[in-house]
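Please view the sequence and the model before reading on.

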Amino acid sequence: MGSLFLKVSKVLFAAGLLIYGFTDPGWAQRSSCEECHGRAKVDFRRSIHKERGMACVDCHGGDPLDMTRSSMSKDKGFLGKINKKDVPYLCAKCHSDVELMLQYGEYIDEFAVYRHSQHGKILYKKGDTKVAVCTDCHSAHDIKKAEDPESWVYPFNVPTTCARCHSDKNLMQDYGIPTDQYEKYKESIHGKLRLEKKDLRAPGCPDCHGVHGATPPGVDEVHSVCGKCHFPQRNYFQESPHFEAMKDKKINECASCHGSHGIEAPTYELFTSGKKEEGSGCGGCHSPDSREYLLGVRIKNDLLEAEKSFEKASLFIETARLKGFEVDEERIKLKEAKAKITEVLPITHSVSIPLVEQYITTAKAGAEDVKELVNAKIVEWKDRRVMFVINIFIFLFVVILLIIKRKRIMPKSNPPTPPMAGKL
Amino acid sequence: MEGEKKYWQAVKENIRGWLSLEGARKNIEVRFGIDLSKLTDKIKSDLLNRPLPKNLIWIHYLGSVILLLFVIQVITGTALSFYYKPTPDEAHTSIKYIMNYVPYGWLIRSIHYWAANLMILSLLFHLARVYFMGAYKNPREFLWVSGVFNLGIIIAFGFTGYILPWDQISYWATTTLTSEIGDLPLIGKYIMLSIRGGEEVGSGTLTRFFVGHIMILPAALCSLILVHILVVARQGISPLWWKQKVTNPSHESQPRTFFPHASLDFAIIMFTLFALLMGLAVFFPTGLPDKANPLEIPAEIKPEWYLLFLYQFYRVLPVKILFIKRVVLFAIPFIIFIIVLFSVPFSDISEELHPLKRRLFTGLGTFALLFFLTFTLWGLFS
Ligand code: HEM
Ligand code: HEM
């Protein structure tokens, strides 16, 4: 009975293999692995590696043409499950091969960089295999290109991929690092832009921490990290007294005021507020009666005043527009004035009052200009009204004359009419 | 020498002959074969000295008000056409130019805008007065039918004029409306394409709306109004229900005539209207919303006030009942309404004029009026 079952299944297997062999020659030629490792097969079939013509044997060794268990013997170079520690080497076998990678336009420095990352250091210096290796971020079998929306490292998926480990309290407790970065990032201006608005200009984790070389930036490296995008701010910051304090490691550069993972879109409040959950305003370090704090108040008030004059100018423009005036020129002028404020925001990082106020004054003068230009139009409109009100009165006067005339010439009695008499 | 002098003398005489009133008159009479003195007599007796019907009251001037407003539209519209450029690129800019740089352009445009609105308003009043006074009854069925055509043409005027400034609001109102029409089964697509002049609301649409607005519709309306008024002149105005019973012909000794009596009344109305139009145009000039942007839908799309009731009615209809789409739910009562509107004088055949004695039609009219008012107000405040 038992042997019969075995025979039947062998025949069935052979038949299946034959049919499959005809339909998928690649598989028949190269792999007997998938016969048992179904799950891995399914994953692998969707990967970029499969698309580029790789097979199980390329990573795991062994003999795919051998239909017996001996296909997985040491003699046939079978590697089995790859040790976590060996994964980077294995991947690097191809991914550091210039000749091979050139044709795909891929980088070749991933492994070299990885070894210097925090992940790599812990792995190789301490032998601690809890850190991330290639497969933790890219998956093992269904590896996809980063451009593929299903990939774990697709730009919008990276933060969740990092969070898989970095939000895991159990995993992180040994290293003494926080686990709320992702939650904070999600709510931050960067996170909202990237995750909700799908704006790739906003950074994900690797944009600040590096990709394969992931490390936390040191205190005095923060400005170069933020400054990659916010370079005017960085430049002006370097001119400020804060830069010296940072060099003495008293403050943590950008992050001291703006926070790090939970960074919010800054408002003018930042000039006067105190310590906050993320970052801190001027009041966080400077006492409210200090000269420095008052500088903050001054800048804030200057900016608020400018905003107010913008609002007024917009209102003027809108009024004139509704009266049918062309206001394009004024709109452009107002935009230019507003641009001065956009320009001055980086400059506030220098906390140099003369420089800042020079810009704000120009902006306010621009808004005033606009108001005057529009006002001239509104005055013209009022003049028009006077002119035409006279006109209207002339019309009404004519009406009165006509009514008097009518009184004179109309027959006194309006005789009643017989029915249907209305033939003209 | 002598001959030359004579020649110049003759030329002088000839020119003098043409220039003097008497001479010009003779020349015209000979050349066109008409007796001018007879013609002026005819004008005097048939038009100026024509006795007015005894039942003429102020409300009968509404029709002439529409006519006057139409004349104003033709004049201001022609003036606008000198500067207006009917292409999507230039339309908005050209209107801006009219408003800001053409001398009194803003005034002309605002008058055109306000006269259009007043025209529709007085048209609705005219229609209501004719309806509730039973003025369409035998023998005036034709007047009513031509009137309904007038109504359609004026609304078409408003609709085609509306998009000419090519601003956000009118662009999107037109786009939405035509795309809903496109949802009608079978013919919808073709109606939509023929209104739009292409798949999208674009330069094709603007061109045909402009041509419609300044050529086809004016020509059609001119001829229809001419017919409408000639028929009124021929048939006289209908009797008034409250004067039907009273007869006292003895008072006819001192009849009122077209000139000066009616002309005077009309002049009073005309100058009042001028003052009103001027006031509206100066104190509430037409603004100009931003240029149409096919990529950005404005927050709110509302049609002009006189189409608002239809829009609001459309909005409150369910999106679908069973497999019947909303457009169809809308189109069915709409078409029935048009048919009923045309058939009014043919189905209300009693001789009774008093509104309370023809309850069915007064009721229908009141219902239509209430419907219009309710849905217009509802649309305004939602
Ligand atoms: C362009 C639009 C129109 C113009 C210029 C116009 C003009 C006139 C004029 C000048 C009269 C003479 C009496 C009066 O004014 O009441 C008249 C009468 C009349 N109109 Fe109109 N009308 C227009 C639209 C309409 C419409 C929309 C209707 C109805 C659907 C209509 C139906 C009538 C009728 C039935 C009369 C006869 C009234 C009577 O004999 O008492 N008209 N129209
Ligand atoms: C021969 C007659 C007419 C001509 C040549 C004419 C011409 C024009 C022109 C060139 C425009 C574009 C300028 C602008 O939008 O301000 C316009 C707009 C308009 N026309 Fe006319 N029009 C005529 C008659 C009418 C009539 C009878 C109506 C009314 C029922 C009307 C209603 C409008 C409306 C509502 C606008 C849009 C006004 C605006 O929003 O600026 N037009 N017309």
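In the classes used here, Ala, Val, Leu, Ile, Met, Phe, Trp, Tyr, Cys and Pro are nonpolar, Asp, Glu, Lys and Arg are charged, and the others, including Gly, are polar. The model is predicted, with local features requiring pLDDT of at least 70 and side-chain atom pairs pLDDT 80 or more, while totals for chains, interfaces and linings use all residues. Residues are numbered from 1 along each chain, chains are lettered from A and ligands numbered from 1 in written order, and side-chain values use heavy atoms, without hydrogens and water.

**Ligand 2**

Ligand 2 is surrounded by 21 residues, each with a heavy atom within 4 Å of the ligand. This shell holds 13 nonpolar, 7 polar and 1 charged residues.

Two or more shell residues come from each of α4 (62–81), α6 (105–132), α7 (141–163) and α10 (203–235) of chain B; helices are DSSP runs (H or I) of at least four residues, numbered from the N terminus. The largest share, 7 residues, belongs to α4(B).

**Ligand 1**

The iron atom of ligand 1 is coordinated by NE2 of H126(B) and NE2 of H228(B) at 2.0 to 2.2 Å; donors are N, O and S atoms within 2.8 Å of the metal (3.2 Å for Na, K and Ca). Its 6 donor atoms, with angles of 86 to 178°, form an octahedral site, meaning opposite donors over 155 degrees apart and all others between 65 and 115. Because H126(B) lies in α6 and H228(B) in α10 of chain B, the pair ties together parts 102 residues apart in sequence. Both H126(B) and H228(B) are buried, that is, under 20% relative accessible area (1.4 Å probe, protein chains only).

Definitions and conventions:
Tetrahedral: all angles 85-135°; square planar, octahedral: opposite > 155°, others 65-115°. Buried < 20%, exposed > 50% of the residue type's maximum accessible area, 1.4 Å probe, protein only.
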